[in-house]
Amino acid sequence: MNCSQFSILLPPVFVPPQFSRLPLLHSHSSVSFSTNCILRTSRRLFLRAKASSSKTMANDEVTGGSLKQQLAKLFEESLRITVPEELDVDPAIAPCQNPKFGDYQCNNAMGLWSKVKGKSTQFKGPQPIGQAIMKNLPASEMVDSCSIAGPGFVNVVLSRQWIAKSIQKMLVDGIEAWAPKLPVKRAVVDFSSPNIAKEMHVGHLRSTIIGDTLARMLEYSNVEVLRRNHVGDWGTQFGMLIEYLFEKFPSGEVASDQAIGDLETFYKASKQRFDSDPAFKERAQRAVVSLQAGEEKYRKAWAHICEISRRGYEKVYQRLGVHLEEKGESFYNPYIPGALELLSKQGLIEESEGARVIFIEGKNIPLIVVKKDGGYNYASTDLAALWYRLNEEKAEWIIYVTDVGQREHFEMFFTAAKRAGWLPAEENKYPKASHVGFGLVLGEDGKRFRTRSTETVKLVDLLDEAKSKCKAALIERGKAKEWTEEELEKTAEAVGYGAVKYADLKNNRTTNYTFSFDQMLNDKGNTAVYLLYAHARICSIIRKSGKDIEELKKTGTIDLVHPDERTLGLHLLQFAEVVEEACTNLLPNVLCEYLYNLSEDFTRFYTNCQVVGSAEETSRLLLCEATAVVMRKCFHLLGITPVYKI
């Protein structure tokens with residue numbers, strides 16, 4: 001399937017599903033993980049990974065996993081020798097805060113001293129523990145030297161030969177060899193999720209872009225990702241829409257797209273009738289009953305309205321290069337009674353003021369699962385969807401990408417699922433559910449981003465404007481004379497759409513950000529335009545050398561002699577752990593920061609190290625190629641199409 005398409009999973013036949021009580025933490029082993037699964041990490045990237053150890057690492061071996069994972073394997077062996085009685089100690093590996101002391105450090109000594117102090121021990125303080133950890137470190141070609149700093153911090157300087165060898169191996173094996181190792185095999189990413197009969201607006205931009213990037217990073221990490229578009233395609237509003245459709249076309253013929261016209265306008269007109277005409281409102285309410293009963297005339301009208309909306313969404317997804325599988329509210333509707341019955345049998349659902357609710361400790365209001373009129377709501381649908389994703393789809397991590405305004409709903413919903421035993425109480429156990437909240441998109445006036453007529457901005461129009469502005473800038477630079485029309489169009493799309501995505505993703509998702517075409521299309525600073533052009537310049541350097549880069553990968557070698565070569569090489573090698581952190585904390589901006597710093601490291605290297613025509617040309621061309629490969633993978637994970645010439 002083309003990535004610009006999205007497949008549609010139709011609602012199931014309305015037959016009540018067979019429910020069984022979900023056992024606590026799942027009975028199947030594939031979803032049961034130890035407390036050593038991905039832990040919440042700070043921005044300082046402390047690694048606490050339980051790694052399988054080997055007595056030594058062969059001198060010619062280049063192992064898999066991130067740099068920190070590989071160092072953790074070495075230090076775990078040392079810790080077992082140093083403090084054999086402390087079996088629950090995991091290596092605490094972090095980058096050195098000051099590069100002059102080393103590349104990484106092991107920070108276990110202080111914590112170990114607090115554990116062994118007062119016991120029968122050979123150690124007199126944290127520094128002797130650090131000395132012992134350093135002494136017991138297995139031999140490895142990774143490590144050039146170690147030193148002790150302060151109260152037992154073990155600083156590690158990595159071997160430049162090993163760094164070079166690892167980069168060269170990646171160029172031969174491909175960037176997929178650097179994929180991080182995560183403790184999950186299957187995840188659901190629930191994102192975008194517009195409402196049927198309403199245009200996608202700028203508010204949907206963040207959910208779609210952030211969700212797509214999270215899915216891409218997990219997929220790169222060899223996680224099977226179920227990309228779910230939980231559209232609002234069910235509910236009382238469809239009675240209103242269907243009745244208005246029948247009113248406009250009394251013959252009963254379902255109208256064509258053109259006859260209905262703009263669906264957003266159609267929705268507003270039907271809503272106005274619903275609010276102002278009691279007779280119409282009564283007919284609309286009866287239409288909901290007919291739809292839910294499965295009457296063909298109503299189902300057909302509902303399906304037609306949904307299909308018109310889908311075609312509108314597809315225009316957005318095609319521009320953004322986003323792939324989604326639709327499982328909307330209507331899909332999960334048949335599963336609601338069974339899910340609620342399970343919760344009722346556990347005594348979690350109670351009657352309150354005519355509604356059925358789940359009381360959540362610490363919250364002033366309960367989680368309503370059945371309204372006073374007997375109807376279902378978001379909470380009932382979300383609970384049914386969670387049951388389905390855990391039991392039918394066997395997901396180990398369910399990720400919901402919505403605005404921060406829904407944080408409390410998800411907190412209550414997750415708490416209810418934990419009380420039911422559907423999810424473990426511990427945050428670092430699996431299966432788990434996570435809410436990825438994001439802030440507002442603001443205009444340059446600091447208010448919610450809207451058009452001058454105070455309407456929300458349609459996403460298609462916004463993306464088209466980005467492309468148009470980018471194309472105009474390229475033409476102004478004389479590219480229309482140098483390039484074909486197709487090259488001009490594709491570059492304008494890549495840079496225009498990429499600029500919109502990157503401007504969003506580079507910010508911490510929990511904050512609001514200001515939408516400004518002038519800023520995002522600037523070719524200086526931390527923008528997609530700057531980064532895409534930086535990549536194109538690297539490609540140009542390689543082309544102008546006249547060398548066959550594929551042949552050089554087979555015959556040439558990398559040698560990181562100059563300090564700026566080594567800095568660039570180390571940064572390249574840290575790619576896997578950055579992706580791992582971005583996945584673990586669900587923060588795409590971590591990857592954006594890495595990409596921008598990589599381009600800065602490359603600029604410094606290129607400024608101080610002649611490439612073409614130098615004695616080190618082969619090595620430096622391979623370093624250029626490695627940088628371009630990593631940049632392209634970053635672009636791919638961010639959903640940005642790279643450009644190869646400027």
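First, a term for colouring: pLDDT is the predictor's confidence in each residue, from 0 to 100. Colour by it, and the chain averages 87, with 87% of its residues at 70 or more. This is a predicted model, so local features here need pLDDT of at least 70 and side-chain atom pairs count only at pLDDT 80 or more, while totals for chains, interfaces and linings use all residues. Numbering starts from 1 along each chain as its sequence is written, and side-chain values use heavy atoms, with hydrogens and water left out.

Stop 1: Select residues 1-16, where pLDDT stays under 50; the model gives them 47 contacts (heavy atoms within 4.5 Å) beyond four places in sequence. Now select 21-63: pLDDT is under 50 there too, with 107 such contacts.

**Stop 2: the largest pocket.** A pocket is an open set of points on a 1 Å grid over the protein atoms alone, with protein on both sides within 12 Å along at least five of seven lines; a cavity is a set where a 1.4 Å probe fits but cannot get out, and lining residues have an atom within 4 Å of a point. Points are joined across faces, edges and corners, and volume is the space filled by probe spheres set on them. The largest pocket holds about 1,200 Å³. Show Ser 193, Asn 195, Tyr 378, Asp 403 and Gln 406: of the 45 lining residues, these are the closest to the pocket's centre. Which element gives the largest share of the lining? Helix 5, with five residues. Helix 5 spans 202-220, and others supplying at least two residues include helix 8 (263-276) and strand 12 (397-403). (Helices are DSSP runs of H or I, at least four residues, and strands are runs of E, at least two, numbered from the N terminus.) The lining splits into 17 nonpolar, 16 polar and twelve charged residues, where Ala, Val, Leu, Ile, Met, Phe, Trp, Tyr, Cys and Pro count as nonpolar, Asp, Glu, Lys and Arg as charged, and the others, Gly among them, as polar.

Stop 3: Most residues other than glycine have a negative phi, and most peptide bonds are trans. Click Ser 192, in the loop between strand 6 (186-190) and helix 5: its phi is positive, about 70°, though it isn't a glycine. Then jump to Pro 431, between helix 14 and strand 13 (432-438); a cis peptide bond joins Tyr 430 to Pro 431, with omega about 5°.

**Stop 4: the cavity.** The structure has one cavity of 30 Å³ or more. The largest cavity holds about 40 Å³. Select its lining: Leu 474, Arg 477, Lys 479, Trp 483, Thr 491, Tyr 533, Val 643, Lys 645 and Ile 646. By class, that's five nonpolar, one polar and three charged.
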